[in-house]
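Dear colleague,

Please find the structure that I am handing over to you below.

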Amino acid sequence: MIREIIQYPTPLSLEFGVNVRQFNEELFALIEDLKDTINENNLEALSAFQIGNYKNVIVVKKEDGTFLELINPSLIAHSGKITTDEKTSYYGDVSAEITRFEKVSIVYQDRDAKDCSLQAEGDLAVVLQRKIDYLFGATFIQKMSADERDKFESKLKYGTDVGMSDYCPTTFFRDKILKAINILMIFMLIVVVGSFFVKEDAILQTLWKYQSYGLIGTFLLHIVYLFYAQYEGKKYVSCSSCQIGNIIGTTVISLIKFTLLSIASYFIIYSSM
Amino acid sequence: MARLVVLGGGVAGHTTATFAAKWLGSAHEVVVVTPNAKWNWIPSNIWVGVGEMTKEEVTFDLAPVYAKAGITYKQAKAVSLNPEGNESSDKSFVSIEYTGQDKTGTIENLEYDYIVNATGPKLNFDATPGLGDGKGQMGNHTVSVCTADHAVHASHKLQEAIEKMKGGTRQKFLIGTGHGMCTCQGAAFEYIFNIENELRKAGVRDMADIKWISNESFLGDFGMGGIHMKVGGYVVSSKLFAESLYAERNIEWLIGAHTSKVENGKVEYELLDGSKGEEEFDFAMLIPPFAGVGIKAFAKDGSDITGTVFAPNGFMKVDANYGAGAYENWKASDWPRTYQNPTYSNMFAAGIAFAPPHLISKPMSSPNGTPINPTPPRTGMPSGIIGKAVAHSVCDLITKGDSAHLHEASMAEMGAACVASAGKGVFSGTAAAMTVYPVVPDFETFPGTGRDTDYTFGEIGLAGHWIKHILHFLFIYKAKLNPGWTLIPE
């Protein structure tokens, strides 16, 4: 059956290649689908990942029209370097210069689960390396130098980030809460310093009143931050769980500053009334 | 008054003994039998191996710590087990041979009510000709970072190599695994990047050729099937990450390799595709494969029952399914939960000392039939968790009787975290912090890779490097039983 090939800008999945454990009809059907899709689109090779299946299966169409079926392929040895102009069906007609190994040694299993190996060089070596990378959820973009990547990005309509499924953002809404906390604390610090220059009790009392509101508000904002930040972090599966530690750490540091500010406010403003 | 004997004072044994002593109090006796006088925080041996830390910083004396905890400490190695006693007594006992405490060579029969085998592995250097000296110790062609003393030796050899490079002689470094059935690729991975970092610091990087050789089936496998990592906001597979890291640092690599022979300045290897080759070196750090420490077991009548108590690789049999068969039939439930020996219920194994039911990685072998695949990693975190669960079970058995419920800790239900760092400076280092859940893939709960991809993740950066520093101090603090030690997780 001809299957749809995932193409840019549809993001590639964050799953990665799963070793085939059962050599059964399901696997054979997948191989047939890959062959049909290769023929229909006139391609030289396809990895199962490109049609949305996460099994470690690659099918390559040889020059004589027969197919090479590689199950659980693994690149174990290599030599030399070769830079070619590559295209891949994920990015359609956009090409890029990629440097890869010139000769590779690959071990794999055939459809009878027999261990096999092959040595490839030149074009076949390049195709196999590109297809194996797909099994790990990667396109050739991960193989580009920084310059080549910038050049390639400019050729793409939506840039390269779109290709990253559900990537972990670098800015969060929670950072805005933190910013608000910091601004509030700076204001309150100004009030503390300013109170040195105030002698009238009435003004000090007013200052203390607003300062206490500010302190209570800031404390509540810390609680909001702590819970919202964790909720926000868990929304993105690609953000590591290390961020929970970061959030707790940030909250603790901020609370220390807050405690110091509260003590200073109490002793400097309240005590001098 | 019951007696619990713990064999081994590594992460698993130390955790079991210290928690058992705390929970049982002075009403019962806890005995630790370990041939070592010092406790060693093994992950930091990497830093000792490049001369960034001293042996003293990663070890401490066990005797004062055990004295404080009320644990009887015997510096000895276990030789044999008599779980049914002998002809004159029904009481189980273990024969130990002292290695210190002024009684070196003395044999003692130590009776026990419960025993926990947490000996860790034997570093099986002799599995590869030339890697060992033929007498069970490391040979003189390569170095290792498996023990603190090995790491000190490695750092001296590294200094010699650096001096030679300063004198204008090129040096070839070969780092990786010394056998097709090794585990601990992460340690070698960490070491190769620390070496690279040291050579750059010494200004001799251009005089060095560095090569990685390992039994992994793909670069970035780390013996656990690889993970996805977050690098500077991008998500990338550990394979792609490792490939670009090796390319960026100009380190050559060879994987799917079984080191078949080591000679002076040369290794011979066999690859998964059946081809054979040679690699020359001036400095080589090759991790040895692990095996059980070789304790024998005897029945009451003196007959050898080692095969009943231990698996062929020398690790102790526990409540695992050892008859799971081929790769396609493997299940998470094959893995042990209580770590109790199926024949003798007063016998447990924790940490590396228990026999795993099968591999974690896909089994692979070369056309010549040589198996080449990583064996199951059992790092500090699972070892500590298992050690604590076993301590809990034994304490309940002692205080509540034989019907007590055993505590469970399956490696198919626990995660592991590991930090691999390059460089030791406060601002100069970089590290990969990785978490894996579950350690043993559970294909039924998580179809596909068998792992929860939300919790199987890595991150690169300076913060990971700090975590490694913090862990170093935290775990040594905990192992010394300083105030609040029970609050620090395994």
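This is a predicted model: local features need pLDDT of at least 70, side-chain atom pairs count only at pLDDT 80 or more; totals for chains, interfaces and linings use all residues.

How many bridges join strand S11 of chain B to strand S12 of chain B, and in which sense do the two strands run? Six bridges join S11(B), residues 171–177, to S12(B), residues 208–213, and the two run parallel. Within this pair, B:Leu174 stands opposite B:Lys211 of S12(B).

Residues are numbered from 1 along each chain as its sequence is written, while chains are lettered from A and ligands numbered from 1 in the order in which they are written. Helices (H or I, at least four residues) and strands (E, at least two) are DSSP runs numbered from the N terminus, and two strands pair if DSSP finds at least two bridges between them.

The parallel sheet of chain B

S11(B) and S12(B) belong to an open sheet of four strands in the order S15-S12-S11-S19, with parallel pairing. Strand S15 (251–254) and strand S19 (283–287) of chain B stand at the edges with a single partner strand each, so one side of each has no neighbour in the sheet. From one strand to the next, the twist averages 15 degrees. (Angles run from 0 to 180 degrees between N-to-C directions, and axes are lines fitted to C-alpha atoms, for helices over the stretch in contact.)

Two helices pack on this sheet. Helix H5 (residues 148–166) of chain B touches S11, S12 and S19 of chain B, and its direction makes about 150 degrees with that of S19(B). Helix H6 (residues 185–201) of chain B touches S11, S12, S15 and S19 of chain B, and its direction makes about 160 degrees with that of S11(B). Contact here means that the C-beta atoms of two residues, placed from the backbone, lie within 7 Å.

Other strands of chain B

A further open sheet has four strands in the order S8-S7-S6-S21 of chain B, with mixed pairing. Its edges are strand S8 (107–111) and strand S21 (296–297) of chain B, each with a single partner strand, so one side of each is left without a neighbour in the sheet. Strand S6 (residues 76–82) and strand S7 (residues 93–98) of chain B run antiparallel and are joined by six bridges; B:Leu81 has B:Val94 of S7(B) as its bridge partner.

Strand S9 (residues 114–117) of chain B is joined by four bridges to strand S1 (residues 3–7) of chain B, in parallel, with B:Val5 opposite B:Ile115. S9(B) also pairs in the parallel sense with strand S22 (residues 347–349) of chain B over three bridges, where B:Val116 stands opposite B:Phe348. B:Tyr114 and B:Val116 point one way from S9(B), B:Ile115 and B:Asn117 the other way, and all are buried. A residue is buried if 20 or more other C-beta atoms lie within 10 Å of its own, exposed if 12 or fewer, and partly exposed in between.

Helices and domains of chain B

Helix H1 (residues 11–24) and helix H9 (residues 380–400) of chain B pack at an angle of about 35 degrees, with their axes 8 Å apart. The residues of this contact divide into twelve nonpolar, seven polar and one charged. For these classes, Ala, Val, Leu, Ile, Met, Phe, Trp, Tyr, Cys and Pro count as nonpolar, Asp, Glu, Lys and Arg as charged, and the others, Gly among them, as polar.

The domain assignment, which is automatic or from a database, gives chain B domain 1 (3–36 + 75–121 + 292–400) and domain 2 (125–289 + 415–487).

Helix H7 (residues 238–248) of chain B is mostly covered, with eight of its eleven residues buried. After H7(B) comes B:Asn250, whose phi is positive, near 55 degrees.

Chain A

For chain A the assignment gives domain 1 (25–163) and domain 2 (174–270), with 53 Å between their centres, taken over C-alpha atoms. A:Ile58 lies in strand S2 (residues 57–61) of chain A and counts as buried, because it has 29 C-beta neighbours inside 10 Å.

Yours sincerely
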